[in-house]
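Me: I would like to go through the aromatic rings here and the reasons behind the labels they get.

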Amino acid sequence: MSANKYLGIIFDLDGVLCSTDEYHYEAWKAIAEEIDINNFTPKDNNRQRGVSRMESLEILLEKSERKFTDKEKLILADKKNQRYKELLNNINSFDLSDEVRVALNTLRKAGIKLAIGSSSKNAGLILERLGLGNFFDVVVDGNSITKSKPNPEVFLKAAQMIGLQPSQCLVVEDAISGIEAGTAGGFDTAGIGGVMSYPKTTYPLRDFSQIMNIVFAN
Ligand code: G6P
Ligand code: MG
């Protein structure tokens, strides 16, 4: 029997297991320029992390004077997704860093349940391209939730599907919306990048391998 506090880990995907967050930014930037928004910055893009495609579009449109109809918004979101998917064609299993690969395999060998909790509707495609199509015990993504982060639905669903309580799982995130979602759901969180020093982040992760220290020391 394991004495670990955390019996499951729920990983966000974009910006945690791979750098697709950079492709989201590039694709949104192209859409921004098409509608004459020339001041869309990485800071705006940070607010889009973890939130659904349509909500991300709304964040972008805050920078426009123009009003867009629902139909126009759908067209813009679709265009962004087409551009994003073109960029995803660049991804293959070499985009999974050794650090991430070793950590995932070590955790798997230790019997920790491993899940994905992502807002993206492209999560399945990305996992396939990374060579992780069948790796995770559970994948909850943008196709199976009705409320995106900071709502905790995605993580609660993942915990339920791996048969664990939130207190038994660690959520790994790169977005404020994700740390908020984890916290609201009763999970401890590990924060990468910009959310390392976010006040609600339980454990700052300087590098991915520190997840092992957290899991095996608790
Ligand atoms: C992730 C990204 C968000 C993105 C969302 C939806 O959570 O961090 O920036 O908006 O997924 O992605 P999708 O692939 O469905 O457009
Ligand atoms: Mg993310």
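**Aromatic rings and charges**

Reply: In this predicted model, Phe-11, Phe-135, Phe-136 and Phe-208 are linked into a cluster by ring pairs. The whole structure holds 6 aromatic pairs.

Me: Why is the aromatic pair of Tyr-6 and Tyr-203 called edge-to-face?

Reply: The ring centres are 6.2 Å apart, and the limit for a pair is 6.5 Å. The planes stand at 90 degrees; edge-to-face needs over 60, so the label applies. This pair links distant parts of the chain, with Tyr-6 in the segment before strand E1 (8-11) and Tyr-203 in strand E6 (residues 203-205), 197 residues apart.

Me: What makes Tyr-203 buried?

Reply: Its relative accessible area is 17%, and buried means under 20%, so Tyr-203 qualifies. Tyr-6 is also buried, at 0%.

Me: Why are Phe-135 and Phe-136 an edge-to-face pair?

Reply: Their centres lie 5.1 Å apart, within the 6.5 Å limit. The angle between the planes is 80 degrees, and over 60 counts as edge-to-face. Both Phe-135 and Phe-136 are buried.

Me: Which charged end sits over the ring of Phe-135?

Reply: That of Arg-108, 4.3 Å from the ring centre. The distance cut-off is 6 Å, and 4.3 Å meets it.

Me: How far from the ring centre of Tyr-84 is the charged end of Lys-80?

Reply: The charged end of Lys-80 sits over that ring at 4.4 Å from its centre, which is within the 6 Å cut-off.

Definitions and conventions. Residues numbered from 1 in each chain as written. Chains lettered and ligands numbered in written order. Predicted model: local features only at pLDDT ≥ 70, side-chain atom pairs only at ≥ 80, totals over all residues. Heavy atoms only, no water. Phe/Tyr/Trp six-rings, centres within 6.5 Å; stacked < 30°, edge-to-face > 60°. Helix = DSSP H or I, 4+ residues; strand = E, 2+ residues; numbered from the N terminus. Buried < 20%, exposed > 50% of the residue type's maximum accessible area, 1.4 Å probe, protein only. Lys NZ or Arg CZ within 6 Å of the ring centre and 35° of its normal.
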